[in-house]
Amino acid sequence: MFDRLKSMLVKEYIQALRDPRMRFVLFVIPVFQTIVFGYAVNTDVRHIATAVYDRDNSPESRDLVQKFLSSGYFDLVEYLQDDGRVRELLDRGTVRMVLHLDKGFGATLAAGRTAPVQIILDGTDANTAGIVLGYAGAITARFNGEAIAGRIARQLGTPPRVGRVELKTRAWFNENLESRNFYVPAVIANIVFIITMILSSMAVVREKEIGTIEQIVVTPISRAEFILGKTIPFALIGFADVGVVTTVATFWFEVPVRGSILLLFGATALFLLSSLGFGLFISAVSRTQQQALMSAFFFIFPAMLLSGFAFPIVNMPEPVQWLTFLNPLQYYLVIIRGIFLKGVGTEVLWPQFLGLALLGMMILTFAVRRFSKTLG
């Protein structure tokens, strides 16, 4: 058995790695994708292109404008002189926000009355617009508090001491609230998922397409040996990619790995049961490699969207939330983020490990049964 399995493994490795382009795809492209996605997948909203339409040009209005521009979030693009320019810049996407202060802003404040400030936002991206609005509200509130305190001081001289609340925040696990630390571990999971799914989905159908499946059926190799010979090489490639990409995430992006690396590879082993199982099933039911590739992508993209990679699962409709329990990538993302950022172990992550194990065994068993019928 071991001799036959060894021969099968050697055949698969030669077939997968003999082409330099395939070696490049398997080991270099994942590193390149991690670097690109690590920079690209970033929800931190900074350097917001901003136009200022200050029709008052008073010391008070200039002070408020300066507070916006010195906050580090807003980049000045242009000082506007007329209303028509506002629409033109927003239509072209040159700016994301326009700060509009009308005439009499400073005089209204000096008189002790409420002075309106208009924020015009490009609401095309609702999430970014909401974050920008939060920044603007915080800056305006701080300016308002300073203006009230200054007015009281001018009227009363030394103002009385009044108790106040000071908010002190501390973010655990991601101290600087960098979205990269949240997304880069998920990029690792997605890359491993895509590579192992595609490789395993092409495994059997390639034998069918080139006409060698009949030769394999008449050999002494058993179905179990054939399945192991087809999956073990891709599993080892998946482990290698996890190691390489984790190294890039740690040393290039400085994403902390606070948990156990052994636990990470253990979770990867359970996850590979599902990804390789799905790939084997697709390969067993497909007639051509093109059909298998299209079927794999048909499954990969919904799995990524419903994994919590970019969109919180709790914000999805309840029927869709129930559907995510059948998605192994969802469990793996929770585990990999917990190991990277929180440093937790099985005492916290055991439900996800259990879900991965059950799903993996069911998917792989179903794929093997369908696979056996194909061979028969």
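1. Start with the outward side of α1: Asp3 and Lys6 are exposed there, where exposed means over 50% relative accessible area and buried under 20% (1.4 Å probe, protein chains only). Helices here are DSSP runs (H or I, at least four residues) and strands are too (E, at least two), numbered from the N terminus.

2. A quick word on the source: this is a predicted model, with local features needing pLDDT of at least 70, side-chain atom pairs counting only at pLDDT 80 or more, and totals for chains, interfaces and linings using all residues. Residues are numbered from 1 along each chain as its sequence is written, and side-chain values use heavy atoms, with hydrogens and water left out.

3. Back to α1: Leu5, Met8, Leu9, Glu12 and Ala16 are buried. They sit on the same side of α1 because they cover an arc of only 100 degrees around the axis, taken from the directions from the helix axis to the C-beta atoms. These buried residues pack against α2 (20–40), α8 (203–210) and α10, with contact meaning heavy atoms within 4.5 Å.

4. Now look at α7 (residues 179–201) and α11 (residues 261–285): their axes come within 7 Å and cross at roughly 35 degrees. Axes are lines fitted to C-alpha atoms, for helices over the stretch in contact, and angles run from 0 to 180 degrees between N-to-C directions. Among the residues that meet are Phe193 and Met197 in α7 and Phe271 and Leu272 in α11.

5. Check Glu254, in the loop between α10 (223–251) and α11. Glu254 is not a glycine, yet its phi is positive, near 55 degrees. Glu254 is exposed, with a relative accessible area of 65%.
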